[in-house]
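This report is for a reader who is new to the structure shown below.

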Amino acid sequence: MTQTAADSPARRQRAQIKERTLRTDQWWRYPLVTFIIFTAFLVYATWAIFDMDYFVSPYHAPFASPCLATSCPEEARLFGLAPFGDWYTWPPGILILGLPAGFRFTCYYYRKAYYRGFWLSPPACAVGEPHRTYTGESRFPLILQNVHRYFFYAAIVIGLILAYDAVLALVHKPAGLGTWILIANAILINLYTLSCHSCRHITAGRLTHFSRHPVRYKAWTVVSKLNAKHQELALVSMFSVMGADLYVRLVAKGIVSFPFA
Amino acid sequence: MSYKAKFRVWRGEGGEGRLEDFTVEVNEGEVVLDIIHRLQATQAPDLAVRWNCKAGKCGSCSMEINGKPRLGCMTRMSTFTEDETITVTPMRTFPVIKDLVTDVSFNYQKAREIPSFTPPADVKPGEYRMQQIDVERSQEFRKCIECFMCNNVCHVIRDHEENKPGFAGPRFLMRIAELDMHPYDVVDRKDAAQEEHGLGYCNITKCCTEVCPEHIKITDNALIPMKERVVDRKYDPLVWLGNKIFKRSGSKS
């Protein structure tokens with residue numbers, strides 16, 4: 001134990017208050033709700049990865065898009081291509097889901113949410129955390145959160161593919177409810193992606209002289225406006241992608257089968 | 001309309017102390033600092049509290065009210081119910097001098113550790129020419145009144161005294177970001193932000209933003225942009241390669 005540990009002379013100079021917090025509001029609601037929602041999302045995603053009813057023409061479940069192997073139905077393949085060939089026979093989601101999952105896992109909003117909800121570091125502001133030591137993102141493994149911008153680049157590609165899937169659905173079944181669910185999801189996913197803090201930095205945040213880069217500054221102002229809603233977009237797009245994915249699978253399984261499904 | 005409110009106020013010196021109960025008159029329109037002053041005037045003449053402007057601009061009366069870091073002068077009594085017991089304690093992260101007064105010299109020490117604004121050597125005072133859009137990001141951070149509630153609430157040092165030597169806290173990481181974004185500051189602050197001032201400790205849980213009485217978006221506009229600048233410098237091979245190929249300095253763009 002070091003000189004300045006929890007019971008050090010320096011620590012004892014602070015007000016000695018035994019209670020972990022004196023907050024009287026329901027501070028535990030945010031971490032609890034976060035824990036429940038994220039756990040539900042993880043459970044659903046785990047099930048969806050292994051569920052093989054991911055395509056029913058013209059709908060493609062977002063958790064399994066793009067399909068990159070010959071084991072996918074021909075219509076489901078991205079641009080008709082199957083770069084992974086026939087050796088890959090596992091569910092298509094396993095191939096690509098790491099990219100959007102990595103984007104969300106390293107996202108600045110999600111970090112705040114799961115550091116509070118899962119790791120209790122801290123569970124809420126001015127509520128003592130249970131850990132004896134803390135190094136945060138200053139060393140391995142959490143220093144790896146700094147790869148966020150690379151997941152952002154991948155998320156841009158995934159967002160475009162989901163938009164392409166939605167356009168295909170619109171072309172082939174414009175009156176289908178699934179088409180409009182996929183369109184709404186693609187819009188929300190792309191808005192969430194563009195509202196990312198890394199995107200804000202890349203557009204012009206890294207510059208010191210905005211006035212010398214008027215186009216990039218304009219882009220930064222637009223992204224900054226989106227960025228102010230990043231938390232909301234993160235949550236809404238999480239529900240939308242889960243909802244859209246479940247809807248397509250229910251149609252594929254025949255559970256949802258009304259005329260305009 | 002007046003009523004009698006129940007207060008629990010931390011009394012003590014040098015860390016040792018206890019919560020003392022008081023019943024005290026509250027009048028319409030009053031704030032918590034008014035009640036503390038009434039306690040001084042009527043029941044506890046030796047109760048210590050630091051205050052100055054009573055207008056939310058000097059940052060002196062930072063305290064914890066019902067467990068939340070707040071300015072005493074900006075916390076209206078009307079936000080509490082009449083039967084609520086209101087607990088007032090000093091900021092928990094800093095050593096107590098007496099009662100509600102803490103020793104915030106940690107913050108002054110951290111302020112001194114940050115190199116001051118450094119313009120180019122060939123630009124004389126009076127010759128600075130900047131466009132508004134180039135400085136407005138930094139101007140948001142100049143609203144800071146140095147109440148130090150952000151540093152008080154930050155769990156990196158609030159819950160871990162041992163992190164104090166290596167962590168400047170949100171207030172001074174914001175100062176580093178302010179200077180790094182400034183068009184006329186030539187000091188490269190990215191390595192120091194990470195290595196000396198502990199930016200990596202920040203896990204962006206946004207408590208600093210939540211408690212800021214000036215509503216500065218400390219996390220979104222200062223800490224995260226600074227983290228991204230550090231990524232440019234230390235963790236992004238593509239930026240490093242781009243700097244080499246295009247012969248950019250990599251410090252100020």
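## A tryptophan in chain A

A:Trp220 sits in helix H9 of chain A, residues 214–227; helices (H or I, at least four residues) and strands (E, at least two) are DSSP runs, numbered from the N terminus. The model is predicted: local features need pLDDT of at least 70, side-chain atom pairs count only at pLDDT 80 or more, and totals for chains, interfaces and linings use all residues. Residues are numbered from 1 along each chain as its sequence is written, chains are lettered from A and ligands numbered from 1 in the order in which they are written, and side-chain values use heavy atoms, with hydrogens and water left out.

With a relative accessible area of 10%, A:Trp220 is buried; buried means under 20% relative accessible area, exposed over 50%, and partly exposed in between (1.4 Å probe, protein chains only). Leaving aside neighbours within four places in sequence, A:Trp220 is in contact (heavy atoms within 4.5 Å) with A:Arg200, A:Thr203, A:Ala204, A:Gly205, A:Phe210 and B:Arg137. A:Ala204 is 16 residues from A:Trp220 along the chain, and their C-alpha atoms are separated by 5.5 Å.

A:Ser240 belongs to helix H10 of chain A, residues 230–252. Its relative accessibility is 15%, so A:Ser240 counts as buried. A polar atom of the A:Ser240 side chain lies 3.0 Å from the backbone oxygen of A:Ser237. Not counting residues up to four places away in sequence, A:Ser240 touches A:Asn185 and A:Leu188.

In chain B, B:His182 is placed in the loop between helix H6 (169–180) and helix H7 (190–195). B:His182 counts as buried because its relative accessibility is 15%. A polar atom of the B:His182 side chain lies 2.9 Å from the backbone nitrogen of B:Tyr184.

## Chain B as a whole

Chain B has ten helices and seven strands. Its C-alpha atoms fill a box of roughly 70 × 40 × 30 Å, taken along the principal axes. Of the 253 residues in chain B, 57% are buried. Among contacts in chain B with a separation of 6 or more, 63% are between residues 24 or more positions apart.

## Nonpolar cores

A nonpolar core is a set of buried Ala, Val, Leu, Ile, Met, Phe, Trp, Tyr and Cys residues joined through side-chain atoms within 4.5 Å. The largest has 70 residues, and those with the most contacts inside it are B:Phe7, B:Val9, B:Val32, B:Ile36, B:Met63, B:Met77 and B:Val88. Apart from this core lies another, of 32 residues, among them A:Leu68, A:Leu78, A:Tyr115 and A:Val223.

Not counting residues up to four places away in sequence, B:Met63 touches residues including B:Val32, B:Leu33, B:Val49, B:Val88 and B:Leu100.

## Where chain B meets chain A

The contact takes 61 residues from chain B and 58 residues from chain A. About 5,300 Å² is buried between the two chains, and carbon and sulfur atoms give 49% of this area. Buried area is the accessible area (1.4 Å probe) that two parts lose on being put together, summed over both.

Between chain B and chain A the count is eight salt bridges, each a side-chain nitrogen of Lys or Arg within 4 Å of a carboxyl oxygen of Asp or Glu. The side chains of B:Glu210 and A:Arg116 meet in a salt bridge at 3.0 Å, N to O.

Conventions
Polar contact = N/O pair within 3.5 Å; in protein donor to acceptor, adjacent residues only side chain to side chain.
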